[in-house]
Amino acid sequence: MVQGLDTRALAIYSPILDQLSQVEERLRDLADSSIPELVPLLEHALSHGGKRVRPALTLLASNICPQESESPIKMATGVELLHLATLIHDDTVDDADTRRGQASVSGRWGKEVAVLLGDYLFATSATLVCDTGNLRVVRRFAETIMELASGELIEYFNTFNPQQELDRYYDRIYRKTASLFRTASETGAVLSAASEWQIQALSSYGYNIGMAFQVVDDLLDILGDEAELGKPVGNDLRQGVLTLPSIMLMQRYPEDNPIPELFRKPELNGELERTLDMVKNSTIVPDCYAIIRDYCDEAISALNTLPAGKSRDSLESMAAYVRERSR
């Protein structure tokens, strides 16, 4: 069973708890590597996976039209490994010493080891996806890796650039976050032999949940606290990354805005505090809540054409859960 799930998450995952346990077992088996040098690395990486939202999406989507098959389990495991690989690479690029309050792989073993471990998990995830034997799923998974990497490149080349457009932001968060959510739910539908319109409905659901999820994260980076986040508040701005609230702040206050000076001198904590205060004391926060609500409503709307059942109910509850995370 996944460790650390709260009561709400357990209720959402109730239709797939047995399948999710099989995913956990496969992840534990992976940590029992025949290569001794890999064992502590894999144990560390695989024990900090959070709530396993992405594999849960794959399994819930596959249960809309359930089939007797191991393929959704393999796909869900591959999706989670891809997610973990991206976290390791993200921490390496960002020089992050911690992840969820624990030492990151790069912080504990160094950048060289972190890059290689991330590559190992990428390759392992691809092997699992290939084992499904479904070419459409393999292609979508490969496209997702391209989208993830391009999203990271877009972000890297725009760090400490205070002039960024909202359209570019939405494209970036699709690539970096929502693409994997979309793939998780879409491939679950494909592997359950769902009809094309059901596949597209679940693809739309995953896209919208993923977009909402990232906007929530961006908002929590400003509204949360360090103990909850496992990283300093305002960390995105410290790293030179503009997110939805800070882009809105730049657009609404182009003349009297602390962000350009903060990006010129990131060590200026006073400018960071002023930025956070300006966001909190404006209409930006409720406007971000409205965008999150719209994405979640779109996700739920996409489910309306699917057959009623426990898995569909759980997908609706997941959308509500994402909507409430930022509150």
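**Reading the loops and helices**

Mentor: Let us begin with Ala193, which sits in the loop between H9 and helix H10 (196–223). Please bear in mind that this is a predicted model.

Trainee: Which loop holds Phe160, and is Phe160 exposed or partly exposed?

Mentor: Phe160 belongs to the loop between H8 and H9. Its relative accessibility of 36% makes Phe160 partly exposed. Phe160 is not a glycine either, and it has a positive phi of about 60 degrees.

Trainee: How should I read helix H8, and which of its residues are buried?

Mentor: An α-helix has 3.6 residues a turn, so residues three or four places apart point the same way. In H8 the buried residues include Val137, Arg140, Phe141, Thr144, Glu147, Leu148 and Gly151; Ile154 and Glu155 are also buried. Among the elements covering the buried residues of H8 are helix H5 (71–93), helix H7 (111–130) and helix H9 (166–191).

Trainee: At what angle do the axes of H3 and H7 cross?

Mentor: The axes of helix H3 (residues 39–46) and H7 cross at roughly 75 degrees and come within 11 Å. H3 is therefore roughly perpendicular to H7. Where the two helices meet, Leu41, Leu42 and Ala45 of H3 face Val113, Leu117, Tyr120 and Leu121 of H7 in contact.

Trainee: How many disulfides are there?

Mentor: A disulfide is a covalent bond between the sulfur atoms of two cysteines. Taking pairs of cysteine sulfur atoms within 2.5 Å, the count is zero disulfides. Cys65 is buried at a relative accessible area of 19%, whereas Cys130 is partly exposed at 46% relative accessibility.

Trainee: Finally, which residues does Glu271 touch?

Mentor: Glu271, in helix H15 (residues 269–280), touches Pro258, Glu261 and Leu262, leaving aside residues up to four places away in sequence. Glu271 is partly exposed, with a relative accessible area of 21%.

Conventions: Residues are numbered from 1 along each chain as its sequence is written. This is a predicted model: local features need pLDDT of at least 70, side-chain atom pairs count only at pLDDT 80 or more; totals for chains, interfaces and linings use all residues. Side-chain values use heavy atoms; hydrogens and water are left out. Buried means under 20% relative accessible area, exposed over 50%, partly exposed in between (1.4 Å probe, protein chains only). Helices (H or I, at least four residues) and strands (E, at least two) are DSSP runs, numbered from the N terminus. Contact means heavy atoms within 4.5 Å. Axes are lines fitted to C-alpha atoms, for helices over the stretch in contact, and angles run from 0 to 180 degrees between N-to-C directions. Angles under 35 degrees count as roughly parallel, over 145 as roughly antiparallel, 65 to 115 as roughly perpendicular and the rest as oblique.
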